[in-house]
Amino acid sequence: CENLLKEQQQHQKQSTDNDTFISQNEVLKNLPEKLPLWQNQYQQLSFIDNEIQQIIADQNGLNLQQAQLNQQHVNKQELLGQKQQQHNTLIAQFNQVQQEKLVILNGASMANEQALQNNLQQRQEQVTQQLTVRESARRFSFITNEALNYQTMISEKNHQYQIVSEQVIQLRSQYRDVQLMRDDVLLILDQQKTILSLSEHRRNLQHDQDCPLCGSVEHPAIEEYAKLEHAESSEHQQRFDQLTQQLQKLARQGKGQAEAQTKLKAELDVAEQVLQEKIQEQQSLQNRWQLPAQQLGLNCKLDDLLMIEAFIEEREQVLINLLSANIKLQQAEHDIQQCQQQLIHVENEKLNEQNQLQLLLNNQENTQKSLEQLTLLLSQKEHIKAENFITFRADVIEIELQVSAKNPHVLSNHLFGKNSQNLPSNDVFLTW
C-alpha cells in the first residue's frame, strides 16, 4: 500500500510538473489539441499497417496455396499422362484382338462371325446325318463282303452237295446190287438148308428100296449130296456173311452221306436265306442312301466306301476347325469386352482427372487473381500508409523541433528516429 501511494504521488507530481511546463511553453499549448489527432492518425496508421501485415500473410498463404496447387497440377498431369498411356495401351490391345478375330475368320474362310455361327450350326445339325451316312456305307461294305462270302460258301456247298448226292446215289445203287446178290445167296442158303434138313432121310435110304417121300427105288444123288453137304454150305455162308457185312458197310456209308447231304442241304438253306437277307438289307440301304447323300452334298454311290470315309473325315475336320475357331472367337470377344470395360473405366478415370485438373486450373486462376488483387490492394494500402505516415511524421517532428529549439534544456525522447519509416510501438507512443 505504501508503494502504491508513493507511485500515485509521483504520477501526480509528474502531472503537475507537466502542466506547469506546458503553461510556461507556448509551443506545447496546442499539444493537447494535437494529441487526439495524432492518436487518431496513429490508430489509422496502425490499422493500415495491420491490414498490410494481414495482406502480406494472405499473400504468403495464397503463394503457399499456389505452390501446392502447382504441385497438384504437376501430379495431375503425370496421373493424366499415365491414364492416357493406359488408354493407348488398351486401344492397342483392342485393335490387336480385333485383328486376331479377322485372322481367325480368314483362317476359317468366313466373312464374319455370323457366317461362322451359321455354318457351325448347320454342320452340327448334320453330324447325325454324317454318322448315319458313314455307318450306312460301312454296313453296306460289310454286308457286301458277307454276301460275297456267302455266295462263295453257297457255291462250295452246292458243289459238295452235288458230290455227296452223287455218292448217295452210287451207294444206294451199290446197296441194291449187293442186296440182290445177298438175296440170291440167301436163296441158295435156304435151299441148302432144305437139302441139309433131309440128310437124315438120305442116310436111311437103301438101294432098291422105295423112297418114303418120292417112292423112287433109285437114289443116284445120295453120294453127290453127301459131298456137297459140308463144302457148299460153308462157301455160300461165307459169301452171305461177306455180302451182309458189305451191306452194313454200305448202309453206314449211305447213312453218313445222307446225313452229310441233309446237313449240307440245311446249311445251304440257311446260307441262301442269310444271303437273301443280306441282299434285301443292301437294297434297303441303297433305297435310303440318296436323300442324306444329297443333303450333305455327297455325289457318289453307296459302295464307294473310301470316298465316303474321306468325305466324312474332311467334314469332321472342318467342324473341328470351326469349333476351334468359335472357341477362339469367344475368347477374343471376351477379351474385347474386358478391354472395353477397362477402356470405359480408364476413360471415366481420365475424365474425372481432367475435371479435377480443370477445377485445379480454376483454383489456380482464382488464386492468381486473388494474389493480383492482394498485390493491388497492398500497393494501395502501402501508398495510403506512406502518405498518412509522411503527414503524421512531419507534424510530430515539427513539434519536436520547435520544442527542442525553444527549450534546449528540455530532454525528450524523439518519437521517430532519424529517417525512420516505421511507426513507434504503441507503448512508446503512449508514454511519449
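Before we start, one handy rule: a helix is expected to span 1.5 Å times one less than its number of residues. Keep in mind, too, that what you're looking at is a predicted model.

**Stop one: helix H3.** Select residues 113–125, which make up H3. How far apart are its end C-alpha atoms? They sit 18 Å apart, and since 13 residues at 1.5 Å a residue should span 18 Å, the two values agree.

Now colour Leu116, Leu120 and Arg123, the buried residues of H3. Turn the view until you're looking down the helix axis: these buried residues fall within an arc of 70°, so they line one face of H3.

Next, go to the start of H3 and show the side chain of Asn112. One of its side-chain oxygens comes to within 3.2 Å of the backbone nitrogen of Gln114.

**Stop two: Asp177.** Jump to helix H4, residues 127–197, and pick out Asp177. Is Asp177 buried or partly exposed? With a relative accessible area of 42%, Asp177 is partly exposed, because that label covers values between 20% and 50%.

Select Cys300, which is buried at 15% relative accessible area. Then select Cys339, also buried, with 4% relative accessibility. How many disulfides are there, counting sulfur pairs within 2.5 Å? The count is zero.

Definitions and conventions
Residues are numbered from 1 along each chain as its sequence is written. This is a predicted model: local features need pLDDT of at least 70, side-chain atom pairs count only at pLDDT 80 or more; totals for chains, interfaces and linings use all residues. Side-chain values use heavy atoms; hydrogens and water are left out. Helices (H or I, at least four residues) and strands (E, at least two) are DSSP runs, numbered from the N terminus. Buried means under 20% relative accessible area, exposed over 50%, partly exposed in between (1.4 Å probe, protein chains only). The arc is that of the directions from the helix axis to the C-beta atoms. A polar contact is a pair of N or O atoms within 3.5 Å; within protein, one must be able to donate a hydrogen and the other to accept it, and residues adjacent in sequence count only if both atoms are side-chain atoms. A disulfide is a pair of cysteine sulfur atoms within 2.5 Å.
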